[in-house]
Amino acid sequence: EFEDPDNLGNTIRSANGIVARSGTGQIDIGAGDIYTTGTGIDAHSEGGFVKIRTNGVVAAGDTGIKIDNDGTFDSYVYTEAAVTASTGAGISIDNTAGTRSTYVSANSDITGQTNGIEINEIGRSGGGGNAVYVNGTNSSVIGQTADGIKITSTASDASVTVSRTTNTGGNVSGAEYGINISTAGNGGVVVEALNSVSGGTESGIHTQTQGGAITIYNVTSVTSQYGTAIRADTREYQGPNTFSGGANIYIQNVGIPEFEDPDNLGNTIRSANGILANSGTGSINIGAADPDNGSEIKNIFTLGTGIAANSEGGPVDIALFGQIDAGDTGIDVSQNGDQAVTIALTDTASSVTGTSSDGIKIANSSSGATILVEGYVYQGGPMVYGTVSGGTYGMDLSTAGSAITVRTLAAVAGDTGDGIRAQSQGGA
């Protein structure tokens with residue numbers, strides 16, 4: 001900022017900070033403090049890589065840092081001090097079909113009036129190597145009217161990773177989605193090692209692929225004021241209400257706690273729903289990847305359903321270390337294939353409550369699938385732990401033809417219905 005030569009004593013800003021345009025060459029920018037009424041840093045490449053490093057504050061009237069990469073090389077952004085945008089996104093990166101990969105290392109607060117960080121990756125012909133990485137979110141990423149982090153990729157094999165590289169920070173929030181990732185191909189999506197992710201009108205974490213695996217793990221707190229805390233969908237869209245394929249979904253070591261109402265400070269509220277996982281032929285594993293090393297799901301508090309898993313063919317495994325206290329159904333599983341459904345309560349304090357509906361509801365339409373619900377056996381017995389209760393049934397379990405097993409639980413109770421309602425068309 002500088003003194004206005006036409007009005008001495010007043011401080012003003014440049015219209016834009018750094019604007020760089022390149023044909024086949026590279027763009028490499030290192031910057032300190034930048035204060036503008038327009039864009040802080042604006043880089044456009046037609047050929048070489050784009051690299052932007054900031055160790056000073058970027059405070060922009062429009063977009064903080066903007067990259068348009070129409071070339072065939074990577075895009076990089078490294079920030080060491082705060083980036084803020086008054087009307088646009090904090091960091092905005094738009095890659096065309098030629099760009100290979102995108103790397104963002106945000107070691108500072110990133111705040112956008114719209115999205116905190118937005119990346120649009122357009123699939124390039126021939127594929128191969130497309131990737132988006134948002135690493136080192138060691139402070140906070142905030143989208144004040146839209147999403148905290150929004151990543152969209154149309155590349156057929158693009159992978160996306162959002163993670164934290166140190167033990168501090170790692171907080172992402174948005175007025176709509178906290179983290180919103182959508183890919184059009186079979187590349188994997190990973191969201192890991194974050195402290196908190198919160199959404200407003202939509203999900204805290206929303207991940208959708210067209211056949212790529214989704215992994216969400218080691219996120220201490222995920223919440224949504226009006227939506228589902230975590231939503232993962234790997235089904236391949238074929239048309240209205242028609243899906244095929246679908247890769248594996250892994251959601252491990254996450255918690256969905258109660259949280260302070262941002263519209264009424266001092267009041268505690270809950271997410272509308274907890275976890276929603278939709279897969280086609282892939283497996284759904286929620287907390288059961290490695291229970292001995294803490295992969296299980298921690299506490300979930302919701303107004304609606306705690307965990308909902310819908311599989312068209314793959315197995316469903318759920319392991320709960322904490323408690324689910326849900327306003328509607330505690331755990332709701334729909335499985336339409338020949339694979340098993342297993343729910344395990346893995347600690348002395350594990351419990352599932354579905355206040356207005358069922359504690360656990362499992363429906364399987366295939367003759368070859370089995371259902372197993374089990375509690376925790378302390379040091380080999382005889383003490384067993386794990387409670388399930390519902391406003392209607394404690395458990396409502398049905399399969400088209402194979403075995404149903406419920407074992408080693410401390411208590412199962414229904415209010416208006418049975419404690420355990422089990423229906424098998426042919427199995428034990």
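**The largest pocket**

What volume does the largest pocket have? The largest pocket has a volume of about 220 Å³. Fourteen is the count of its lining residues, and Ser173, Gly174, Ser198, Gly199 and Pro262 are the closest to its centre. Here a pocket is an open set of points on a 1 Å grid where a 1.4 Å probe fits, with protein on both sides within 12 Å along at least five of seven lines, and lining residues have an atom within 4 Å of a point. The volume is the space filled by probe spheres set on the points.

**About the model**

This is a predicted model, in which local features need pLDDT of at least 70 and side-chain atom pairs count only at pLDDT 80 or more, while totals for chains, interfaces and linings use all residues. Residues are numbered from 1 along each chain, and side-chain values use heavy atoms, without hydrogens and water.

Ser92 sits in strand β12 (residues 91-95); strands are DSSP runs of E with at least two residues. Ser92 is buried, at a relative accessible area of 13%, where buried means under 20% with a 1.4 Å probe and protein chains only.

The side chain of Ser92 makes a polar contact of 2.7 Å with that of Glu118. Such a contact pairs N or O atoms within 3.5 Å, one able to donate a hydrogen and the other to accept it.

Beyond four places in sequence, its contacts (heavy atoms within 4.5 Å) include Asp62, Thr63 and Glu118.

Terms used:
Helices (H or I, at least four residues) and strands (E, at least two) are DSSP runs, numbered from the N terminus. Buried means under 20% relative accessible area, exposed over 50%, partly exposed in between (1.4 Å probe, protein chains only).
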